Amino acid sequence: MLVREWLAREQFTLSMSTTFFGYWAHSGALLALTEAGLRPNKVTGSSAGAVVAGLYGAGYDPGDEMAKLFEELKFKDLLEFRPSLYWGFPVVGFYRQRLDALEEKCLGPESPAEGRKAIEDCRVPVAVSVYDAGLRKNRVVRSGRLAAAIAASAAVPVMMRGVPDGGSLLLDGGVGGPRFSAPGTIPRPSAENGD
C-alpha cells in the first residue's frame with residue numbers, strides 16, 4: 001500500500017520537526033500532500049516545523065502564499081539586536097523577537113490569516129513544541145497567542161532571546177526533552193488526557 005493510499009483512508013495529524021530554516025522543506029511537503037487532496041486534520045511542529053504548522057493552521061496555503069511570505073520577510077522585520085544576559089540557561093540571547101511586528105506581518109489584516117491571531121482560532125488544530133527553560137523540559141502549546149508560540153518554538157538559544165511566559169522563558173522546541181527533535185507531540189498523546 002502506498003503512503004498516499006494509507007493517508008487517504010482516515011484523518012491524520014502532520015508533525016513537522018526541528019530543522020534550522022527548514023520551513024521551505026516543510027511547506028513543500030505540505031504542498032505535495034494538499035495537492036494530492038490529503039489535508040491534515042491537525043498540524044504540529046517544533047522550530048521551523050512550528051512556523052509552517054502555525055501559518056498553515058492560520059490560513060496560509062503551503063504553496064504560493066507561504067513562499068511569498070518567506071521571500072518577503074526580512075531579518076529586521078522580526079528581530080532586533082538587544083543582547084540580554086540571563087542567570088541560567090540559555091545564558092544570553094542576542095536578538096529579541098518583535099512579536100507585534102511578526103503578528104502584523106504574518107497574521108495581520110492583509111494576510112491569509114486575518115482574524116486568526118490565537119491558536120484556538122486556527123482553521124485546523126495547531127500544537128507547537130517549546131522548551132520551557134524554567135521547567136527544564138519540553139512542553140506543548142495548544143492555546144494562546146499564535147505569534148508568541150511560533151516565535152518561542154523557533155527561538156534558537158544564544159542567537160535569540162526566549163519568549164517570556166510567566167516567570168519562565170520559552171525557547172526552540174528542539175532544545176531538550178526525551179527526544180531532541182520534538183515535533184509538537186510531547187508527551188505522547190493518551191486517551192486519558194483527551195489529546
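Is Asp132 buried or exposed? Asp132 counts as buried, at 4% relative accessibility. Buried means under 20% relative accessible area, exposed over 50%, and partly exposed in between (1.4 Å probe, protein chains only).

This is a predicted model: local features need pLDDT of at least 70, side-chain atom pairs count only at pLDDT 80 or more, and totals for chains, interfaces and linings use all residues. Residues are numbered from 1 along each chain as its sequence is written, and side-chain values use heavy atoms, with hydrogens and water left out.

Asp132 has a charged partner. Arg139 forms a salt bridge with Asp132, with 2.9 Å between the closest N and O atoms. A salt bridge here is a side-chain nitrogen of Lys or Arg within 4 Å of a carboxyl oxygen of Asp or Glu. Arg139 is partly exposed, at 24% relative accessible area. The structure holds seven salt bridges.

Another is the pair Glu80 and Arg96, whose closest N and O atoms are 2.2 Å apart. Glu80 sits in strand S3 (residues 79–85) and Arg96 in strand S4 (residues 92–97), so the pair ties together parts 16 residues apart in sequence. Helices (H or I, at least four residues) and strands (E, at least two) are DSSP runs, numbered from the N terminus. Glu80 is partly exposed at 25%, and Arg96 is partly exposed at 29%. A network of salt bridges links Glu80, Arg82 and Arg96.

Now turn to Glu103. Its side chain meets that of Arg145 in a salt bridge (3.1 Å, N to O). Glu103 lies in helix H6 (residues 99–107), and Arg145 in the loop between strand S6 (137–141) and helix H7 (146–153), so the pair ties together parts 42 residues apart in sequence. Glu103 is buried, at 13% relative accessible area, whereas Arg145 is partly exposed, at 33%.
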